[in-house]
Amino acid sequence: MKVVIVLLLAAVSLSHAEHRGRDYVRDKVCQEFNSLGKDNFRSLAIIMNSKKFSNATFEQISHVVKDVVSLAETCCVKGADPICYETGSSALSAKSCDENSPYPDHPGIVACCTHQGLERKLCLAALHQPPKEFPTYVEPSNEELCEAFKKDPQDFADRFTYEYSINYGQAPLPVLVGSIKSYLSMVGTCCISPRPTVCFLKEKLERKTLSLLTTMSTRICSRYSAYGKDKSKFSVLMMFAQKIPSASFEDISPLAVASAEVFSKCCSSMAEDCMQKELSELTTKICTKLSSKDEKFSDCCKGKNLLKNYLCIYSLKPPKPPQLPEIQSPTDEQLCTNDGSHPMDLFTFEIARRQTNIPEVFLSKVYDATHNLVNGCCTGADSIACVSSKRPQLRGEILKFLTKANEICGEYNYLTFLEFKQRLKERFSKTMPDATPASLTELVERRANIASTCCIMNAPPVYCSLQINAEVGHTCDHDSCTLI
């Protein structure tokens with residue numbers, strides 16, 4: 001069973017379509033087609049469908065785009081039959097439900113195809129695949145680019161648009177479209193230049209800021225998509241707690257709130273300059289507040305390119321854990337206060353700045369567990385008794401979980417990869433003296449693979465959450481959250 005995105009418009013169009021009916025959907029699609037023109041509409045179709053179906057092949061996306069553009073071209077012209085779009089879009093949704101359809105696969109297609117009419121179309125339009133957490137796009141050499149471009153300029157443009165969109169599809173749409181347009185313009189200009197090497201050097205230098213913005217906004221918005229606004233705030237709080245453990249909660253908390261606001265505002269914004277403008281202003285705030293706290297951090301703030309400064313901060317490795325006083329745990333009464341003090345965030349912040357070798361993807365499990373306890377108990381009639389009865393077990397689970405996390409990641413950032421693997425081998429040999437050489441090698445490789453991906457700053461949250469669950473253990477239900 002396969003699926004097609006019949007609608008190319010933003011989610012807002014879909015959210016109102018059910019109430020306003022099929023004429024509204026047709027009018028919005030035709031408005032886009034007539035305003036953009038066929039070529040730009042077609043390019044947008046490739047981008048939107050590649051963003052939505054990150055696992056689809058180029059051929060599958062091409063089938064979708066061909067049929068959607070044909071529908072718009074036929075039914076959006078002046079004098080077209082009023083039922084043209086409805087008939088054509090119904091044919092496309094029927095084709096989506098055909099088991100031999102050439103469109104992208106999606107497991108949700110079966111449920112969608114039990115519906116009829118507009119309900120089926122809206123269901124199909126809402127389907128999407130998880131975004132890529134590991135971009136795989138590798139830029140070809142200048143010579144390879146020009147060879148492909150000269151062979152078939154349109155095919156080159158379509159394939160690049162597809163590849164770039166499935167890899168950087170979490171970037172805000174205006175950033176993604178602008179970056180693709182800029183790149184294709186560079187290739188078109190330089191591949192016919194008498195001095196292509198010089199041309200590429202000049203053009204790549206000019207688009208460096210846009211390229212950096214695309215990369216950074218993809219990382220930021222991928223995390224925001226996985227976490228949502230509140231947990232994104234927590235993520236930034238943990239990041240700065242570990243990068244600058246000398247900074248206080250009062251220093252960092254407003255910056256975490258401001259960061260989450262920028263991500264919320266710009267990741268889905270259609271304003272062309274939203275991310276660049278807001279991220280630049282945010283970087284200025286961060287540098288003004290924190291550059292005096294740490295020399296390496298201060299060095300990141302000295303450049304003139306604010307986006308480059310943000311990337312430097314984002315990539316900064318945490319120092320070794322400092323010596324700090326013992327953490328003061330919040331009381332049971334404090335956990336359920338609504339005075340805006342965020343006692344559990346403060347508590348996890350204090351853990352993070354003392355455990356800089358345990359990445360935020362692990363600490364997010366502590367966030368889930370503690371917030372689940374608070375949300376489960378603090379809305380009840382006897383909230384303090386609820387917290388008092390459940391907290392001791394959770395405290396023990398958190399300690400065991402952090403011990404395990406430290407075992408997995410503790411030495412990774414302070415050793416070379418080969419040294420780390422050697423330490424793993426020595427440790428497993430001691431704890432499992434009867435293990436065969438083959439099983440030891442398998443254990444070392446599995447643990448090393450997890451560490452190399454998840455024991456780093458800004459590790460991919462969705463992938464690493466699954467890996468941590470498998471390696472450490474973590475289950476949640478509506479009333480409790482068990483870490484191990």
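A salt bridge is a side-chain nitrogen of Lys or Arg within 4 Å of a carboxyl oxygen of Asp or Glu. By that criterion, the side chains of Glu 407 and Lys 404 meet in a salt bridge, at 3.6 Å from N to O. The model described here is predicted, and the structure holds 27 salt bridges.

**Salt bridges within helices**

- Glu 407 and Lys 404 both belong to helix α20 (residues 383–409), where they stand three residues apart, about one turn of the helix.
- Glu 407 counts as partly exposed at 30% relative accessibility, and Lys 404 counts as partly exposed at 25%.
- A network of salt bridges links Lys 404, Glu 407, Arg 446, Arg 447 and Glu 471.
- Arg 354 and Glu 350 also form a salt bridge through their side chains, at 2.5 Å from N to O.
- Helix α18 (residues 343–354) holds both Arg 354 and Glu 350, four residues apart, about one turn of the helix; both residues are buried.

- Lys 293 and Asp 251 form a salt bridge in which the closest N and O atoms are 3.2 Å apart.
- This pair links distant parts of the chain, 42 residues apart: Lys 293 lies in the loop between α14 (274–290) and α15 (295–300), and Asp 251 lies in helix α13 (residues 249–266).
- Lys 293 is partly exposed, with a relative accessible area of 34%, whereas Asp 251 is buried, with a relative accessible area of 13%.

**A buried arginine without a salt bridge**

- Arg 120, in helix α7 (residues 117–126), is buried yet has no salt bridge.
- The nearest side chain of opposite charge to Arg 120 is that of Glu 119, 9.3 Å away.
- A polar atom of the Arg 120 side chain lies 3.2 Å from the backbone oxygen of Cys 113, and the backbone oxygen of His 115 lies 3.0 Å from a polar atom of that side chain.
- Leaving aside residues up to four places away in sequence, Arg 120 touches Ser 93, Ala 94, Cys 97, Cys 112, Cys 113 and His 115.

**Nonpolar cores**

- The largest nonpolar core has 83 residues, of which Phe 240, Ile 286, Leu 290, Phe 297, Tyr 310 and Phe 362 touch the most other members.
- Helix α12 (residues 208–243) supplies the largest share of this core, 14 residues.
- Another core, of 25 residues, lies apart from it and includes Cys 30, Phe 58, Val 64 and Cys 75.
- Not counting residues up to four places away in sequence, Phe 297 touches Phe 240, Ile 244, Ile 286, Leu 290, Ser 291, Ile 313 and Leu 316.

Note on methods
Residues are numbered from 1 along each chain as its sequence is written. This is a predicted model: local features need pLDDT of at least 70, side-chain atom pairs count only at pLDDT 80 or more; totals for chains, interfaces and linings use all residues. Side-chain values use heavy atoms; hydrogens and water are left out. Helices (H or I, at least four residues) and strands (E, at least two) are DSSP runs, numbered from the N terminus. Buried means under 20% relative accessible area, exposed over 50%, partly exposed in between (1.4 Å probe, protein chains only). Lys and Arg count as positive and Asp and Glu as negative; His and the chain ends are not counted. A polar contact is a pair of N or O atoms within 3.5 Å; within protein, one must be able to donate a hydrogen and the other to accept it, and residues adjacent in sequence count only if both atoms are side-chain atoms. Contact means heavy atoms within 4.5 Å. A nonpolar core is a set of buried Ala, Val, Leu, Ile, Met, Phe, Trp, Tyr and Cys residues joined through side-chain atoms within 4.5 Å.
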